[in-house]
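Here's a quick tour for anyone seeing this structure for the first time. Have a look at it below, then read on.

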Amino acid sequence: MNNARYIKILGAADRQLEKISKDYLLSLNLAEMKTIQKYFKKEKRNPTDVELETIAQTWSEHCIHKTFKSKIEYEENGKREVINNLLKQTIIKSTRKLNKSWCISVFEDNAGIIKFTDDYNLAFKVETHNHPSALEPYGGAETGIGGVIRDILGVGRGAKPIFNTDIFCFGPLNLNFKQLPAGTLHPRRIFKGVVSGVRDYGNRMGIPTINGAILFDQGYICNPLVFCGTGGLIPANQCKKTVLSGDLIVAIGGRTGRDGIHGATFSSLSLDKDTKTSPVQIGHPIAEKKFTDTLLEARDKNLYRSLTDCGAGGFSSAVGELGKETGAIVYLEKAPLKYQGLLPWEIWVSEAQERMVLVVPPKKLKELLKLFSREDVEATVIGKFTGSKKLQLFYRKTQVCNLKMDFLHQGLPGIRKKAIWKPKKFKEPSFSQPGDLTKILKKLLSSPNIASKEVVIRQYDHEVQGNTILKPLVGIRNDGPSDASIVKPLPHSEKGVIIANGINPLYGVIDPYWMAASAIEEALRNLIACGGNLEVAAFLDNFCWGDTNNPEELGSLVRASKACYDFATGFGVPFISGKDSLNNFFKDEKGNSISIPPTLLISAIGIIKNVKKSISMDLKVPGNLIYILGKTKNELGGSHYYRLFNIIGNSVPKVDAKKSKKLMTALSKAIERGLVKACHDCSEGGLAVATAEMSFAGGLGMELNLTKVPASSLNRDDHILFSESNSRFLTEVEPEKREDFENALAGNCFALIGKTTKGEIFKIFGLQGKTIIESNLFSLKKSWQEAIKW
Amino acid sequence: METRVEVFLKKGINNSEAEGIKSDIQDLGIKKVREVITTQIYLIEGEISPSQKRLICENLLADHLIQEYHLNSKLKTQNSKLNPWIVEVWLKKGVTDTVAESAAKGIRDLGIKKVKNVKTGKKYLLFGSLSSKEIEIICQRLLVNKVIQNYFIK
């Protein structure tokens, strides 16, 4: 046999099976190994290494999300329930229940698709690339963004990428080297490497990076999180994939090498200090740009029937996925290699970047190959789709794999997991109100999670393609923090796409349910604040959790998923796609396991009918009125204010979906009618931070009076200033539109709290009528701008 | 046969990469670094004539407006008394080298077909009275990622 080996699993005892899984880096557990053993017993032979690798890739947590699909015995407050499939029973269930006619493709393809115009749809996907970025930040981030771009290229029959969004979580940049666990890179290095990788890849691909966020927390020192998202524009008639038996399998783009072997199974493991080299991948944006352009031309000429990207698992997952219903035959020696000496299983599972697989009808092949050769992009026939319902692989005429597609895709044994949620109790703070609240405000503005990310944003090209309407930095000097960004992808239509996100892991430490609710609300607030609406808006979920084999960590995942159901349904906004990364923990030298804080990223995509109606957050004209919308409550648990004092607290911000939906609907209509000059969402750092940002972004002063702020059970200035209650907005309204605005908002909680002023003074009067904050707005801006250095 | 080309910025051209590294070194608490110079190294494998070498350097690897190159020789320092530490960083075997792939393609596109392989590396010249222990820290914390790279110090 040519370089493929049979692995003796028939008759192997449990311990030997476990050893095989470990030795070959398969990440398969005993029950799975036994299922494989049973299958091959029926086949009356041992599996080859190619077959075992194929099964391991297909069944990896990364590819199949087995935790989300497993049977979970969940316990909360002594109540027990059995969840058969967490994903189907929470997130997907809400989408099915909402049943929006404009949802074109949800949870089945490489990305979610929603309707945009009669002729075009939008595809949106966010992926994580955490483990590779921890080991090699630049390459890891590059391949993360490269991969999600290919997800968009590979959705339906191919979408054109029109924007990127990137969200990162790192350890503190000023971490002392003494606190850095052995085998981990310093957060500052990871930060610089990841940002550079995303910058170089996104910019070279000519895709604007228009949205993002960066968070810093001790919990991300060993496991940084790198979320890369891309949106694409796809003709409405190109959204369905079909594969017919007899179609050819054509590999395009980069060559196959030994890089990135075992990425899928590797990302399903925890990291430790001795983690090996082989999963590291390096990106090549120029190669991807070349085939992107060629591919879209081939799509419009109808030269292929379907396609998908080679992501985790390489050819194995791409061909396995496309040939699920038909079966496929592949001749591995035909795959173009970077260098000789690769074993058949390595060719099959390599995750070398910038590769995709096309499904080509034989009579279109000649024209397709001609087009690709003209554009200097390698395209090679490596096999064909059959009707056998089997995955058959050959290497130099020897069969090295012969697996039933049914077993590969449905054979995974169901797993049972235990999950428990116990409410946590943290110490309540007992400090009295600090004397100098201006100083506190400056401290908050310069805390890394709130501070300006301009040094990063400026490295990204957010203008390329020339469609960016609302940019990530806005205001009189183009340096204020926009809530969301808008692109207008079609020249003949005024319709725009709004992109926003919500993420706040600090709340998840207290209660993941309210963290999820808050993230969902924050993402929506950002959409609404820029001119979006709830009628056409959709979410992506990205769960990054620690060790979900630990029942308590799994319990918190269940709780967050339940919130996703409750609030997606509550707001009437569906999830269209998502991804999870569930092994973000690190084993240090002493064997201690360090998990990340449970982190849920909610990305929101919305449609604005006319981009001319969009608004930004910076103050526009002196003498205008400032309103606060929504009630300020005693919700400082997990706030950035408490964090200044190293306190967590318990009073995490909650969400009342019914009230919030009513408020958002009224506000979005008011914005559409042109009644609002500026709008900013009130979140991290509360009212004080939000108003300061509006003020220095617009270069105008502000005078506010806290006695006017609608608040419940709050009698301290600092609590009203820094509470992070959800469902709040700040708006600037012209005096002559006062009545119209107030009528438009009637029935909701809102109040006039101050006005914009000429000059440079930002001033807040407290509950006792005295000035509690007074500062030159440029001095506030300086605190905000100078905290994060490159 | 192997050809070694080193490409570096002309004197007086701002090297933002080197400036960045210098300030990163200072952030590590090592204040005595006076100057950093970076050069890009290409190792070209294959039978190529001297005139082809010049063609490759002048038309592909070095931008004559801002860069200079050295062929098969070590970069000389302006003043031998300064005596910098030299660190060379190379990708480990099997790690994709996209810059090298593009360089190899570029050389073939120039009509020079006998090129077998190209490798790229990075050279750092660090000036200042730095101890070998400090150099080791700079390498491990800043210049080298041991997961994908090898390095040596001269």
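## Helices 10 and 12 of chain A

Keep in mind that this is a predicted model. Let's start where two helices of chain A meet: A:Asp200, A:Tyr201, A:Arg204 and A:Met205 come from helix 10, and they touch A:Pro285, A:Ile286, A:Glu288 and A:Lys289 from helix 12. Sort those contact residues by class and you get four nonpolar, no polar and four charged.

Helix 10 of chain A covers residues 187–205 and helix 12 of chain A covers residues 285–300. Their axes lie 9 Å apart, at an angle of about 30°. Angles under 35 degrees count as roughly parallel, so helix 10 and helix 12 of chain A fall into that group. As for handedness, helix 10 and helix 12 of chain A make a right-handed crossing.

## Helix 9 joins in

Helix 12 of chain A also has helix 9 of chain A (residues 137–153) beside it: their axes come within 11 Å and cross at roughly 5°. That angle makes helix 9 and helix 12 of chain A roughly parallel, too.

Which residues do the touching here? Helix 9 of chain A brings A:Gly146, A:Ile149 and A:Leu153, while helix 12 of chain A answers with A:Pro285, A:Glu288, A:Thr292 and A:Leu295. This contact between helix 9 and helix 12 of chain A has four nonpolar, two polar and one charged residues. A:Pro285 and A:Glu288 turn up in the contact with helix 10 of chain A and again in the one with helix 9 of chain A.

## The nonpolar cores

Now for the inside. The largest nonpolar core holds 236 residues, and the ones with the most contacts within it are A:Val357, A:Ala516, A:Leu524, A:Leu527 and A:Phe539. Which helix gives the most to this core? That's helix 20 of chain A (residues 512–529), with twelve residues. There's also a second, separate core of 13 residues, with B:Leu61, B:Ala62, B:Ile107 and B:Val118 among them.

## Helices 20 and 21 of chain A

Helix 20 of chain A packs against helix 21 of chain A (residues 551–571), with the axes 7 Å apart and an angle of about 40°. Helix 20 of chain A passes helix 21 of chain A in a right-handed crossing. On the helix 20 side of chain A, the contact includes A:Pro512, A:Ala516 and A:Leu524, and the helix 21 side of chain A includes A:Ser556, A:Ala560 and A:Phe567. By class, this contact between helix 20 and helix 21 of chain A has twelve nonpolar, one polar and two charged residues.

Setting aside residues up to four places away in sequence, A:Ala516 touches A:Ala560, A:Ala563, A:Cys564 and A:Leu600.

## Two loop residues

Is A:Pro598 buried or exposed? It has 24 C-beta neighbours inside 10 Å, so A:Pro598 counts as buried. You'll find A:Pro598 in the loop between strand 26 (593–595) and strand 27 (599–608) of chain A. Beyond its neighbours within four places in sequence, its contacts include A:Pro505, A:Trp545 and A:Ala560.

A:Asn646 sits in the loop between helix 22 (640–644) and helix 23 (657–672) of chain A. With 7 C-beta neighbours inside 10 Å, A:Asn646 counts as exposed. A:Asn646 and A:Pro429 are 217 residues apart in sequence, yet 9.7 Å apart in space, C-alpha to C-alpha.

## Where the chains meet

Finally, ten residues of chain B are in contact with eleven residues of chain A. On the chain B side, that makes three nonpolar, five polar and two charged residues.

Notes
Residues are numbered from 1 along each chain as its sequence is written. Chains are lettered from A and ligands numbered from 1 in the order in which they are written. This is a predicted model: local features need pLDDT of at least 70, side-chain atom pairs count only at pLDDT 80 or more; totals for chains, interfaces and linings use all residues. Two residues are in contact if their C-beta atoms, placed from the backbone, lie within 7 Å. Ala, Val, Leu, Ile, Met, Phe, Trp, Tyr, Cys and Pro count as nonpolar, Asp, Glu, Lys and Arg as charged, and the others, Gly among them, as polar. Axes are lines fitted to C-alpha atoms, for helices over the stretch in contact, and angles run from 0 to 180 degrees between N-to-C directions. Helices (H or I, at least four residues) and strands (E, at least two) are DSSP runs, numbered from the N terminus. Angles under 35 degrees count as roughly parallel, over 145 as roughly antiparallel, 65 to 115 as roughly perpendicular and the rest as oblique. A crossing is left-handed if the near helix is turned anticlockwise from the far one by less than a right angle, and right-handed if clockwise. A nonpolar core is a set of buried Ala, Val, Leu, Ile, Met, Phe, Trp, Tyr and Cys residues joined through C-beta atoms within 7 Å. A residue is buried if 20 or more other C-beta atoms lie within 10 Å of its own, exposed if 12 or fewer, and partly exposed in between; C-beta atoms are placed from the backbone.
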